[in-house]
Amino acid sequence: MVKNRRFEKAPIIGTRHIQCFLCFCCLSICYALRVNLSVAIVAMTDRNSTNGDLKVYDWNEGTKSYVLSSFFWGYIITQIPGGHIAQKYGAKNLLLIGITLCSILTLLTPLAVEFGGWQLLFALRVVQGLLQGSVHPATHAMLAKWSPVEERGALSTFCYSGSQFGTVVILAISGVIAESALGWPGIFYISGGLGVLWGISWFLFSASTPAEHKTISLEERKFIENSLGQVDSTPRTVGPTPWTKIFTSPAFLSLIIVHCTHMWGFWTLLTQIPTYMKNILGVDMKNSALLSSLPYAVMCLLSFFFIYLSKVLARRENVSLSFNRKFFNSIGHWIPMISLIGLGYVTQAHAMLAVVLLTLTVGISAATYLGFQVNHIDLSPNYAGTLMGITNGSANVMSALAPLAVGLVVTDVTNVIEWRIVFFIAAGFYFFGNLLFVIFGKTEVQSWNSPEDALAKRLNVVDAESPALLLNGDAKKATITEIGKQ
């Protein structure tokens, strides 16, 4: 008798959830290590913002801009190599080495600045970017191995909400730390120390796959492996990366585009809106820890709301996985598109309305965690890390280009017409990217995911996030045959 995978039993809270919690903490630490300098550099260059006994540095705005951008110089480079290494050797050691070394360099940051000035700090941040470039690809590789198909969206959203959580926490506490006895070096000591503690926990409790975990129950392991189509215990060797097929896949090309357009709009919001709010609406967000962290906090909270909503939709038999992905991605792109246009027409008399619009616009983008941001695993569980490396690397180029484009359009920061052009451009990116994803995006595992046609069929047969098990004839026969062997 064939058992329906959906009704196989597994612990409600199991080892897979511990792995996802550790990934959540990993992303929280990573973003804290990434954002800490943005707050610390204010205290490092202003005696009134830190412990008066500590040395401060006379760096001009140009120098500070170079230092703040240095992380991303290294970050972009290791995206694709990081994904390839994670898929070949496993994500555990890659994340362990990368984040632990990054944390140690964070602990050494005050010493580096004292002896090497901004130049050594610049070099140190480039190396930290290189070490963190593999984080998103490796996290995707972990999720591809640990997330049962029916839980994939929820577990992925939970993991990636750690990035907002880490940002909120570091923005909220950095000012307090800088004014304490620890001064601005304390920002680096605390965030770096937490990273080292995470590394110890990760070493002790994580594994790249369920098969490699020492304490996972056989019941939970079988539940995960059967959900992913791994119906036997034979190790599967992933073949050479099919680069040509990947880059000629319309579904994957649309994924690259939607990721790039998302990052253009998202970073336009986060980097330029504070300047717009100050010069057009008279609201200084940069000097308010509450206003600076509010969009991230709302984004983190809405992530959990969207997880709940996805589970509600999954109970409906007529809701497919494809609809689910495109529905949430449309929420995360087209609502911010409308809000961005609206922001350009809010007057100074309604400045707080602009704050609300900005907060909701950033927050609602959390819906994309259930949209394109998990689609790499849908298309190819075997190469999910590499796919994320490609799209995230490309998207971070757009993150750098967006502020430069704003500088070309906005020649007078007090000219509201120029700012509206910026908002229309970003809104256009949001619209175009999601439109392509809706038209060309797919949720079926692609044929190039595995050199074995049978494995591709097994992975492709079930739209597992929907109760409706839609099987085609050949795939259904293959699946029943394989499951029947258990």
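Phe-72 is partly exposed, because its relative accessible area is 27%. Here buried means under 20% relative accessible area, exposed means over 50%, and partly exposed lies in between, with a 1.4 Å probe and protein chains only. One caution: this is a predicted model, where local features need pLDDT of at least 70 and side-chain atom pairs count only at pLDDT 80 or more, while totals for chains, interfaces and linings use all residues. Residues are numbered from 1 along each chain as its sequence is written, and side-chain values use heavy atoms, with hydrogens and water left out.

Now the neighbour. Tyr-75 is buried, at 1% relative accessible area. Phe-72 and Tyr-75 both sit in helix α2, residues 61-75. They are 3 residues apart, about one turn of the helix. Helices are DSSP runs of H or I with at least four residues, strands are E runs of at least two, and both are numbered from the N terminus.

How many aromatic pairs are there in total? The count is 26. Rings of Phe, Tyr and Trp (its six-membered ring) pair if their centres lie within 6.5 Å; planes under 30 degrees apart are stacked, over 60 edge-to-face, the rest tilted. Phe-72 and Tyr-75 are edge-to-face, because their ring centres are 6.1 Å apart and their planes stand at 85°.

The charged end of Arg-34 sits over the Tyr-75 ring, 4.5 Å from its centre. Likewise, the charged end of Lys-92 sits over the ring of Phe-203, 5.5 Å from the centre. The rule: NZ of Lys or CZ of Arg within 6 Å of the ring centre and within 35 degrees of the ring normal.

There is also a cluster. Phe-21, Phe-24, Phe-158, Phe-165 and Phe-304 form one aromatic cluster.

Next, cysteines. Which cysteine sulfur is closest to that of Cys-25? The one in Cys-26, but at 8.8 Å it is too far for a bond. A disulfide needs two cysteine sulfur atoms within 2.5 Å, and the count comes to 0 disulfides. Cys-260 counts as buried, because its relative accessibility is 11%.

Finally, the whole protein. The secondary structure is 19 helices and 0 strands. Of the 486 residues, 57% count as buried. Take contacts, meaning heavy atoms within 4.5 Å. Among those between residues at least 6 apart in sequence, 82% join residues at least 24 apart.
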